[in-house]
Amino acid sequence: MPKTVDLAKKILLSHKVKQFIDLNTDLGQSRDLAFFKKTNYELLNHVTSVSIPCAVHDGDPVELLEAIRQAKRFNCSVGAHIGYPDPARNGYESMQISPEALTAWIVVQLGAFQAMVRSEGLEIEHIRPHGALYTDFLSNPEVAMTVAKALHKMNAWFVLMGPAGPILEQVEKELGLRTAPEIYLGKRYDQQGKLSINRMQDFLPPQGVMDQARQLIGQSTLTAEDGKSVAVKFKTLHVSPLLPQCVDLADRVGQMLVQPVSLPLAEIGASGWL
């Protein structure tokens, strides 16, 4: 059985908090179901937010409701994991669809998911692109802006979680939509501080992940593929269920933070309100 998680530990700030940083993971994807059930959702003890699919690119509604309940059980804030409407490939291949079609699919996903989340007394706290939609944020700014405009039209208070870099800065500047730049722990980054798409299938070894996390938390920098350090701005660290030893690594990363906080509080802390 997982240890009991005190609600206050995940949502209340104290003088011990040194970094307003959220720890995020994916939950509810079909490929991860066996892992979570085998480990009794232990990873959720060590993260503060989860991104759950919306039954378009992946996810059976019954399983998604269970994922929402597990997130609630572990006091994790819930985000919508939106993707391309391509369940045959689980959203991992880019689609050439019009901005109008992509916008419509985003509305469909968030409308249905919001109803599911509210049925459990919760609200959507962030929206995170999945798979090919996530990597298209890096390679196709027009796709990112289409997503951001759709979100802003639905709810100007939504928080868009996505790859750290200039595209999210552009979203905030042009639309005023709040963003949560994310670093994908264990992945490689280029000299501009952008996620290396051509190395997306590779993870750093466990010690490399810890070194990366320590550098991020202590210095707000990454060691790029060319060996040089690059400054990055981020509000959340993503710990994938596919990351080898992810439960232990998430625990150790959380200890570096003294106390990680949920994304809503990371937003408040970063704003200077606290």
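**Salt bridges and a helix pair**

Begin by selecting R69, which is partly exposed at a relative accessible area of 39% (buried means under 20% relative accessible area, exposed over 50%, and partly exposed in between, with a 1.4 Å probe and protein chains only). The model is predicted, so local features need pLDDT of at least 70 and side-chain atom pairs count only at pLDDT 80 or more, while totals for chains, interfaces and linings use all residues. Residues are numbered from 1 along each chain as its sequence is written, and side-chain values use heavy atoms, with hydrogens and water left out.

E120 belongs to the loop between α4 and β4 and R69 to helix α3, so the pair ties together parts 51 residues apart in sequence (helices are DSSP runs of H or I with at least four residues, strands runs of E with at least two, numbered from the N terminus). E120 itself counts as buried, at 15% relative accessibility.

E63 is partly exposed, with a relative accessible area of 23%, and K37 is partly exposed at 47%.

Next, select D26 and R128, whose side chains form a salt bridge of 3.3 Å, N to O. D26 lies in strand β1 (residues 22-26) and R128 in strand β4 (residues 124-129), so the bridge ties together parts 102 residues apart in sequence. D26 is buried, at 3% relative accessible area; R128 is buried, also with 3%. The structure holds 10 salt bridges.

Now display helices α3 (residues 61-73) and α4 (residues 99-119), whose axes come within 9 Å and cross at roughly 50 degrees (axes are lines fitted to C-alpha atoms over the stretch in contact, and angles run from 0 to 180 degrees between N-to-C directions). On the α3 side, P61, L64, L65 and I68 make the contact, and on the α4 side F113, M116, V117 and S119 (contact means heavy atoms within 4.5 Å).

Finish at D86, in the loop between β3 (77-82) and α4. D86 counts as buried at 10% relative accessibility. Leaving aside neighbours within four places in sequence, D86 contacts H57, G91, E93 and M95.

How values were computed:
A salt bridge is a side-chain nitrogen of Lys or Arg within 4 Å of a carboxyl oxygen of Asp or Glu.
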